[in-house]
Amino acid sequence: MKSKSVLVSLDPFSLPRLEAILAYAREHAWAVILEDRLPEGGLDRIDGALVSLRGRKDQLARVKVLQRRNRPVVDLTIACPKVKLPRVISDHKALGALAARHFLEHGFTNFAWYASGSSHVHDLRYTGFRKALKDFSVPKLGTEDTAENI
């Protein structure tokens, strides 16, 4: 049986994620092609791809090429939720709730939310954080401003 050639493109790079992918690849005799972005050429030699889709037009065009060639593509992010691909992602609402519960368990009574940017991931984490506080009857955060309306 021919070994599968699987493109792996992680952005941002994550050593623990790559190590897990490589361990799985070894178990299934995959040949892994590691690229920091989806290459322009050579897509015909790829049997499938694990990508961190960030919504760049060039990246989306290459994903479409792979799909037209019936190559499986799995997105490792939720940065582009409108793009219909199978995904392996973190539960960002649960991560936000975990942060809130951590503060509650350590006796904190005043809360603020800060995110270094504005994205779908930040929104999901905030939703989980806020819901966990509501579940513990914590009143509304002092101000609920976002970078867009400050």
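This is a predicted model: local features need pLDDT of at least 70, side-chain atom pairs count only at pLDDT 80 or more; totals for chains, interfaces and linings use all residues.
Reader: How many salt bridges does the structure hold?
Author: Side chains of opposite charge can pair when their charged atoms come close. In total, the number of salt bridges in the structure is three.

Reader: What separates Asp 58 and Arg 62 along helix α2?
Author: Their side chains meet in a salt bridge, at 3.1 Å from N to O. Helix α2 covers residues 57-68, and the two residues are four apart in it, so the separation is about one helical turn.

Reader: Is Asp 75 buried or exposed?
Author: Asp 75 forms a salt bridge with Arg 87. This pair links distant parts of the chain, with Arg 87 in the loop between β4 and α3 and Asp 75 in strand β4. Arg 87 has 23% relative accessibility and therefore counts as partly exposed. Buried means under 20% relative accessible area; Asp 75 has 0%, so this residue is buried.

Reader: Which word describes α3 relative to α4: roughly parallel or oblique?
Author: Helices α3 (residues 92-105) and α4 (residues 120-135) pack with their axes 6 Å apart, at an angle of about 40°. Because of that angle, α3 is to α4 oblique.

Reader: Which residues make the nonpolar surface patch of about 310 Å²?
Author: One of them lies in strand β2 (residues 31-35), namely Leu 34. Leu 34 counts as partly exposed because its relative accessibility is 46%. The patch is made by Phe 13, Leu 15 and Leu 34.

Note on methods. Residues are numbered from 1 along each chain as its sequence is written. Side-chain values use heavy atoms; hydrogens and water are left out. Patches are made of residues with over 30% relative accessible area and no salt bridge: like charges are joined within 9 Å, nonpolar side chains (Val, Leu, Ile, Met, Phe, Trp, Tyr) within 5 Å. Accessible areas come from the Shrake-Rupley method with a 1.4 Å probe; for residues, only the protein chains shown count as cover. A salt bridge is a side-chain nitrogen of Lys or Arg within 4 Å of a carboxyl oxygen of Asp or Glu. Buried means under 20% relative accessible area, exposed over 50%, partly exposed in between (1.4 Å probe, protein chains only). Axes are lines fitted to C-alpha atoms, for helices over the stretch in contact, and angles run from 0 to 180 degrees between N-to-C directions. Angles under 35 degrees count as roughly parallel, over 145 as roughly antiparallel, 65 to 115 as roughly perpendicular and the rest as oblique.
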